[in-house]
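Open the model in your viewer and keep the selection tool ready. This tour goes stop by stop.

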Amino acid sequence: MKKVLFVMALVVLVAASYAQDIKIGGIGPVTGEAATFGISTKNGMTMAVDEWNAKGGIFGGRKAKLIFEDDKGDPSEGAIVWNKLIQQDNVVAIVGTVMSKVSLVGAPISQAAGIPMISPTSTNEKVTLVGDYIFRACFIDPFQGTVGANFAFNDLKARSAAAIFDLGNDYTKGLAENFKKQFEKLGGKVVAFEGHPTGTTDFKAQLTKILQGKPDVIYIPDYYNDVGLIAKQARELGFKGPLVGGDGWDSPELVKIGGTAVENGFFTNHYSSEDKRAIVQDFVKKYKAKFGAEPDALAALGYDAMYIMLDAIKRAGSTKGAAIRDALKATDINVVSGRIKFDENRNPIKSAVIIEIKNGKQVYRTTVNP
Amino acid sequence: MGSIFSLQQILNGLQLGSIYALIALGYTMVYGIVRLINFAHGDFFMIGAYAAYGSFYMFNALVAGRSGTLAFLVLLAAMIGGASIAYLTNKFAYKPLRYKPKLSSLITAIGVSMFIEYFFSALPAIGPSYRSFPDIIVRKEIRLGNAVISNLVIIDLAVAAILMVGLTLLVRKTTLGKAMRAVSQDKDAARLMGIDIEKVISFTFMVGGAFAGAAGLLAGMTYPRIFPYMGILPGLKAFIAAVLGGIGNIPGAMLGAYIMGIAETFASAYNSLIGEGIAFAILILVLLIRPRGLLGEKIADKI
Amino acid sequence: MNVRKLPRFLIAVVLFYIVVEVLYRTEILNGYLLHIINLSLIYVILATSLNLINGITGQFSLGHMGFAGVGAYVSGSLTTLILKLSVTNPASMLPFLLSIIAGGVVAAFVGFLIGFPSLRLKGDYLAIVTLGFGEIIRTIFNNIDAVGGPRGLLGIPKFSNFTVILVAAFLTVVIIRNLIESSHGRAMLSIRENELAAELVGVNTTRYKVMAFTFGAFFAGIAGGLLAHLIQLAHPTQFGFIKSVEVLIMIYAGGVGSLTGSILAAFGLTFLSEGLRLGIRALADATGLPIGGEWRMVVYALLLIFIMLFRNEGLMGMRESRIIKNVEVD
């Protein structure tokens with residue numbers, strides 16, 4: 001009899017603690033061509049949730065439960081998973097997603113339902129302009145392009161530049177356009193501005209054209225997978241000057257794919273793994289132990305976005321949407337990518353660092369404040 | 001304007017065309033013999049690249065330093081990888097539907113293609129991430145006037161040429177080639193002549209798969225980054241090339257592939273904003289003028 | 001035409017409407033499921049209209065979502081950029097519907113233009129040309145900055161709701177069914193069965209092939225417009241080749257030439273893909289295996305292969321349900 005009572009009590013206890021879990025929706029592409037980015041982001045999110053739970057939960061002993069859904073990098077699929085997480089799973093907040101085009105579909109759904117959302121990596125300015133429930137953890141397009149142009153002009157003393165970008169990807173196109181604008185404003189000359197189709201592996205046609213303009217520097221705001229190939233082909237065609245890019249470069253794979261071709265390369269990023277702050281060193285160490293790989297920028301941003309959200313829920317002390325939103329607005333926290341506060345458009349105010357690739361390693365070069 | 005047609009751009013186009021050609025041949029051979037667009041063919045290419053990747057690390061220690069032997073072994077592995085997956089796909093997904101409506105095999109082909117991609121992407125050992133492809137042969141560059149020729153350009157062109165000559169000899173000069181031609185012309189008559197049709201079809205798939213595998217290795221060496229979805233775009237381009245040349249026609253596929261490679265390079269060099277669309281526009285124009293492709297034969301309709 | 005049998009399909013659709021509305025109002029059916037139903041209905045329009053081109057007329061189009069893209073961008077530009085309609089204003093409904101129809105009309109015109117190559121091209125050659133056209137359309141959207149370029153057309157008001165989408169799907173099926181059952185439809189079927197023979201008995205094959213493309217593109221344009229106003233975005237990647245293949249799968253899995261099959265497959269495959277989300281999670285929870293969402297599409301692809309291996313004419317073959325059929329023909 002005692003045994004039965006004990007089991008019953010246990011069941012009640014387990015059920016009660018389960019009911020108390022705070023459900024957080026996570027979204028990212030884990031199938032399809034963007035899957036590698038989605039998986040990094042998911043890893044970062046999972047790590048943040050596990051850390052908070054290990055510390056005893058979010059508030060009142062309540063733990064976070066991550067419900068992660070795949071959006072395939074497809075806007076239609078995004079609408080489905082946003083509806084699912086909010087209507088079916090009743091999550092209290094959403095951390096997602098990677099691509100701006102999908103976040104732009106999710107943001108109105110989150111806003112209408114009053115479920116706060118923070119996108120780890122969607123850089124399109126319009127995402128957070130959807131409403132006051134929508135936040136992001138990354139830079140917006142104009143910022144990195146401008147910083148890249150300033151760096152190329154002032155630090156690298158480049159007077160002519162060329163840019164190559166992905167025609168089908170708003171992130172890389174946005175960065176390239178803003179680079180061009182700023183570089184020309186500074187008095188430099190953009191000798192070539194070339195797009196390439198998404199998914200292509202041969203950039204030599206564009207690069208051959210670019211090199212005919214003899215630029216001092218080439219701006220390549222692509223993701224690391226393309227950057228490695230572009231750098232290799234540019235070097236093969238005889239380009240010796242510096243290459244500059246954005247946070248899409250930040251992956252251990254960059255040097256593996258690009259080899260020595262990415263030497264004399266510089267990119268804007270959220271943090272440097274050389275940063276001595278404990279949270280950075282902890283993050284890099286734990287990530288390596290858990291996933292057997294160095295974290296890339298997406299993993300760091302996934303971690304940060306989740307961390308910021310959980311911190312806001314803790315400070316709100318509530319799972320009500322409006323309370324979490326207000327707490328998010330008041331965010332002032334140290335995460336991997338620095339000290340984060342939000343501006344009036346719910347974009348993070350944080351500084352950028354410039355990383356140099358030297359002897360196959362990422363070396364901290366300088367910090368740029370917004 | 002002069003810049004578009006430089007020697008450099010022609011070389012760029014030929015290199016791209018060589019890889020398309022090796023993939024396009026598989027499309028066209030399979031189509032010629034079973035009248036099926038094998039949508040999974042681009043994925044055979046991907047598997048070839050992964051087979052090369054895996055075998056490189058297997059053999060690297062064995063033949064330490066002898067990069068020629070190593071390259072040959074890796075090429076062999078890529079071709080065997082491509083041929084095996086082609087054999088399995090034919091056996092389990094297409095053969096049961098051989099005498100069923102043609103379009104049901106087409107949907108099965110799409111299903112197989114999705115399966116291979118998603119399965120590789122989901123397998124923890126492979127995963128969806130980009131992997132850097134090892135340098136099997138050390139890159140060297142030769143300057144020729146304004147143009148830079150890397151040894152990879154030469155390797156790509158040479159391997160493609162050797163394999164294509166080999167294929168032409170196989171089809172024209174051997175008994176098996178004769179059987180392939182017979183089956184593609186008239187299955188029933190071929191069967192009556194005592195040809196084991198299924199064996200010939202299976203063999204054709206394997207040759208096509210082996211070529212796609214070889215293309216996977218070349219692509220891996222030339223564009224050193226592989227991932228499970230890498231076959232989609234080259235597969236599509238090669239398919240277009242095969243149709244452009246006249247699907248079912250082997251020299252047509254080679255011609256179509258080189259035209260695609262060069263057209264794409266020139267179009268991208270002329271105006272990258274419309275480069276992608278222009279390749280398709282050329283294709284449509286050619287097909288409007290020659291509805292059965294460049295080398296395709298006009299077949300009279302039968303009632 | 002047998003008038004007595006006309007309302008059967010109407011009654012079925014009205015019943016469906018009432019059941020869904022009641023379940024939704026009583027909160028048995030949540031917004032997620034309603035969204036899936038809406039999406040399935042949009043796929044019904046896409047699949048039945050592609051079936052008119054591929055299944056009934058026997059042509060082979062691989063660029064169907066290109067037409068949907070035209071509809072999405074035209075109607076989206078009208079409601080968002082030109083008329084600047086707002087969902088809160090009830091007077092906006094009529095201009096919205098007109099914008100959707102305008103999207104369909106422009107798509108139909110594009111379909112009419114693309115129908116012409118089909119006069120000279122057959123089978124796989126036609127497939128490749130339609131694929132090329134679809135990709136060209138997508139590339140154009142990608143490069144027009146006025147409609148957002150690769151950022152997509154943003155901020156489209158959410159006008160599409162269950163009622164609008166259901167009515168559109170209903171009308172599409174009825175119009176296509178009536179077309180098939182008319183003498184025009186017979187002519188289209190004759191092209192599929194044997195084009196040369198059809199021509200010999202006096203069927204104007206040119207006219208009917210172009211007609212199939214025009215009608216098919218019109219409805220695809222409608223579907224594209226509804227989709228854009230449902231998810232509030234039109235983006236080039238939604239209208240590419242891979243998306244066209246999704247619709248292609250639906251008509252062949254449902255059965256070529258069977259509208260019933262297309263409808264069942266549109267619902268079936270959309271729900272299957274969602275069901276697998278829950279299924280994979282349940283499996284992972286039950287067995288403790290480290291499997292996640294990345295396995296969902298693996299299972300989906302396997303099921304697709306098995307459907308085709310064991311029901312290689314699709315779910316319905318060429319048969320039509322009695323509910324959809326208007327006149328009894330074999």
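**Stop one: a loop in chain C**

Select Lys84(C), in the loop between helix 3 (64-82) and helix 4 (93-115) of chain C. Helices (H or I, at least four residues) and strands (E, at least two) are DSSP runs, numbered from the N terminus. Phi of Lys84(C) is positive, near 50°, and the residue is not a glycine. Lys84(C) has a relative accessible area of 61%, so it counts as exposed. The cut-offs are these: buried is under 20% relative accessible area, exposed is over 50%, and partly exposed lies in between (1.4 Å probe, protein chains only).

A word on the ground rules. This is a predicted model, in which local features need pLDDT of at least 70 and side-chain atom pairs count only at pLDDT 80 or more, while totals for chains, interfaces and linings use all residues. Residues are numbered from 1 along each chain as written, chains are lettered from A and ligands numbered from 1 in written order, and side-chain values use heavy atoms, without hydrogens and water.

**Stop two: Ser258(C)**

Stay in chain C and pick Ser258(C), in the loop between helix 11 (241-254) and helix 12 (259-287). Is Ser258(C) buried or exposed? Its relative accessible area is 0%, so Ser258(C) is buried. Now show its side chain. It reaches the backbone nitrogen of Gly261(C) at 2.9 Å. The side chain of Ser258(C) also reaches the backbone nitrogen of Thr260(C), at 3.5 Å. Leaving out residues up to four places away in sequence, Ser258(C) touches Asn51(C), Met316(C), Gly317(C), Met318(C), Arg319(C) and Glu320(C). Contact here means heavy atoms within 4.5 Å.

**Stop three: chain A**

Go to Lys72(A), in the loop between strand 2 (64-70) and helix 3 (75-88) of chain A. Lys72(A) is not a glycine, yet its phi is positive, about 55°. Next, select Gly96(A) and Thr97(A): the peptide bond from one to the other is cis, with omega near -5°. Thr97(A) sits in the loop between strand 3 (93-95) and helix 4 (100-113) of chain A.

**Stop four: chain B**

The chain B average is 87, and 94% of the residues score at least 70. Within chain B, helix 8 (residues 197-222) has the highest mean, 94, and helix 11 (residues 272-289) the lowest, 76.

Finish at Phe92(B), in helix 3 of chain B. Phe92(B) has 55% relative accessibility, so it counts as exposed.

Notes. pLDDT = per-residue confidence, 0-100. Polar contact = N/O pair within 3.5 Å; in protein donor to acceptor, adjacent residues only side chain to side chain.
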